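Student: Could you walk me through this protein and show me how to read its features? I'd like the general idea each time, and then the actual case.

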Amino acid sequence: MHFALPDLPRTAALAKALAPLARAGDCIALWGDLGAGKTAFARAFLRALGVVEDVPSPTFALVQPYDTDAGPVAHFDLYRIEAEADLDEIGFEAALDEGIVLVEWPGRAGRRLPEDRLDIVFSLDSSGQRAATLTGHGDWPARLDGFAP
């Protein structure tokens, strides 16, 4: 599934439409280069789940936990992770057991990235146009059947 994201409201609309489909144990992997829209999507996703406080990028903290209307959500930024073992120190597995996980730079999780997940690849073309491509694994294809933000 491919969606054009010409502006922040469109990114927010995608996040708002996906939020009700997520449930505890889900991993939503946010792929893309710097500036492609990963953090903007995560903020809108959290807002759609009722988060009203500030939603900072977890670049330096590595993880920001939130209590939401859908239960716990952990927003990870693995950009500064050097080894898969570092995930133990920041509670990656526990967060997956307890709630929903949003993860930026998911490739750094290596083999620890769950196979059953929703991949969202954010792209930014040479003219500055953003887009997102969704690929569901596990039961995500069924949840995405008929999806239209």
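Student: In which sense do strand E2 (residues 27–31) and strand E6 (residues 118–124) pair, and over how many bridges?

Tutor: Let's start with the ground rules. This is a predicted model, where local features need pLDDT of at least 70 and side-chain atom pairs count only at pLDDT 80 or more, while totals for chains, interfaces and linings use all residues. Residues are numbered from 1 along each chain as its sequence is written, and side-chain values use heavy atoms, with hydrogens and water left out.

Tutor: Next, the words. Strands (E, at least two residues) and helices (H or I, at least four) are DSSP runs, numbered from the N terminus. Two strands pair if DSSP finds at least two bridges between them. Here E2 and E6 pair in the parallel sense, over four bridges. Within that pairing, Ala-29 stands opposite Asp-119 in E6.

Student: In what order do the strands of the open sheet lie?

Tutor: Seven strands form the open sheet, in the order E1-E7-E6-E2-E5-E4-E3, and the pairing is mixed. Strand E1 (2–5) and strand E3 (63–68) are the edge strands, each pairing on one side only. On average, neighbouring strands of this sheet are turned by 20° against each other, direction ignored. For such angles, axes are lines fitted to C-alpha atoms, for helices over the stretch in contact, and angles run from 0 to 180 degrees between N-to-C directions.

Student: Which strands does helix H1 touch?

Tutor: Contact means heavy atoms within 4.5 Å. Helix H1 (residues 8–18) packs on the sheet and touches E1, E6 and strand E7 (130–136), with its direction at about 140° to that of E1. Helix H2 (residues 38–48) packs on the sheet too, touching E2, E3, E4, E5 and E6, and its direction makes about 160° with that of E5.

Student: How do E1 and E7 run, parallel or antiparallel?

Tutor: They run antiparallel, joined by four bridges. There, Leu-5 stands opposite Arg-130 in E7.

Student: Which residues of E1 are on its covered face, and which on its uncovered one?

Tutor: The general idea is that in a regular strand the side chains alternate between the two faces of the sheet. In E1, Phe-3 and Leu-5 make up the covered face, while His-2 and Ala-4 make up the uncovered one.

Student: Why is E5 described as largely enclosed by the rest of the structure?

Tutor: Buried means under 20% relative accessible area, exposed means over 50%, and partly exposed is in between (1.4 Å probe, protein chains only). E5 is largely enclosed because five of its five residues are buried. Both faces are covered: Ile-100, Leu-102 and Glu-104 are buried on one side, and Val-101 and Val-103 on the other. As for its partners, E2 and E5 run parallel with four bridges, and E4 and E5 run parallel with five.

Student: Is Glu-104 buried or exposed, given its relative accessible area?

Tutor: Glu-104 is buried, with a relative accessible area of 2%. Its place is in strand E5 (residues 100–104), and Leu-30 stands opposite it. The C-alpha atoms of Glu-104 and Leu-30 are separated by 4.9 Å, though the two residues are 74 apart along the chain.

Student: Which side chain does the side chain of Glu-104 join in a polar contact?

Tutor: A polar contact is a pair of N or O atoms within 3.5 Å; within protein, one must be able to donate a hydrogen and the other to accept it, and residues adjacent in sequence count only if both atoms are side-chain atoms. The partner here is His-75, at 2.7 Å. Asp-119 counts as buried, at 8% relative accessibility.

Student: How many aromatic pairs are there?

Tutor: A pair of aromatic rings is described by the distance of the centres and the angle of the planes. Rings of Phe, Tyr and Trp (its six-membered ring) pair if their centres lie within 6.5 Å; planes under 30 degrees apart count as stacked, over 60 as edge-to-face and the rest as tilted. By this rule there are five aromatic pairs. One of them, Phe-76 with Phe-92, is edge-to-face, at 5.1 Å centre to centre and 70° between the planes.
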